Amino acid sequence: MQQVFVDARQVNDEIVTIQGADARHLGRAVRIRPGEEVRVSVRGGRDYYGHVLTVDREEMTVKLVEEAASTELAQKICLFQAIPKGDRMETVIEKAVELGVYEIVPVETRYCVVRLDEKKKAKKRERWQAIAANAARQSKRSIIPRIAPVTPYQKALDDAGDADLVLLPYENARGMQATGEALTAVAHAGGIGIFIGPEGGFAADEIKAAQRKDNIRVISLGRRILRTDTAAIAVMTMVMMACESR
């Protein structure tokens, strides 16, 4: 079943009008036909199953027939991801969206290998947002998670101050007991932050700055050193499971 995101203004008397790129993709690439079923998520609203009424080159109409259950977690998870090199950021975004992230903040830390100028930041953000949208459709999310502008580390720490609980994996952290305790607290938190460091890890003073924040817990991910993209997926998986078990 195909997934489509629409604005409330596109809905009129239970009929949804889909135009532009979404209509072209569904009509030409997917070759969807009248009578087929689609899942429709209204931005800022509800989710529905609908039957396709008409399809042409630039427009498709869908009749909403049944409300669908939301696929969103009760908690809003914000992933603060230090920008990795290569295409690993794209992998992190895709998998984090599939696992239920609410927002992703690309972060510049001291040991980030990648340094982007303002023009490249804008182009990267546009591409990253498109990847998030595609992952949201594939995983039948009720929302498209937002990709925030590239943010310096200290500002990211300050922005995370609104979260009830923030987890920061660090290779020099000792013991898994604290990790288990933090995951137990996840189920009772409303807003959750996750900080993931770059290939070179966090600098010592970056960890000290995090430890001065009352809502940040520095945790271990075990005895092995994980790549930045592996660490992001691992923590997102653990947090998602803790949220779903609530």
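Which residue in β6 is the bridge partner of Val52? The model is predicted, so local features need pLDDT of at least 70 and side-chain atom pairs count only at pLDDT 80 or more, while totals for chains, interfaces and linings use all residues. Residues are numbered from 1 along each chain as its sequence is written, and side-chain values use heavy atoms, without hydrogens and water.

The partner of Val52 is Val62. Strands β5 (residues 47–55) and β6 (residues 59–68) run antiparallel and are joined by 8 bridges. Strands (E, at least two residues) and helices (H or I, at least four) are DSSP runs, numbered from the N terminus; two strands pair if DSSP finds at least two bridges between them. An open sheet of 6 strands has mixed pairing and the order β1-β4-β5-β6-β3-β2. Its edge strands, β1 (2–6) and β2 (11–12), each pair on one side only.

Helix α1 (residues 20–29) lies across β1, β3 (15–19), β5 and β6, at about 90 degrees to β3. Angles run from 0 to 180 degrees between N-to-C directions, and axes are lines fitted to C-alpha atoms, for helices over the stretch in contact. Contact means heavy atoms within 4.5 Å.

Now to helix α6 (residues 204–211), whose buried residues are Glu206, Ile207, Ala209 and Ala210. Buried means under 20% relative accessible area, exposed over 50%, and partly exposed in between (1.4 Å probe, protein chains only). These residues cover an arc of only 160 degrees around the axis, which puts them on the same side of α6; the arc is that of the directions from the helix axis to the C-beta atoms. Lys208 and Gln211, on the other side of α6, are exposed. The cover over the buried residues of α6 includes α4 (153–159), β11 (165–169) and β13 (216–219).
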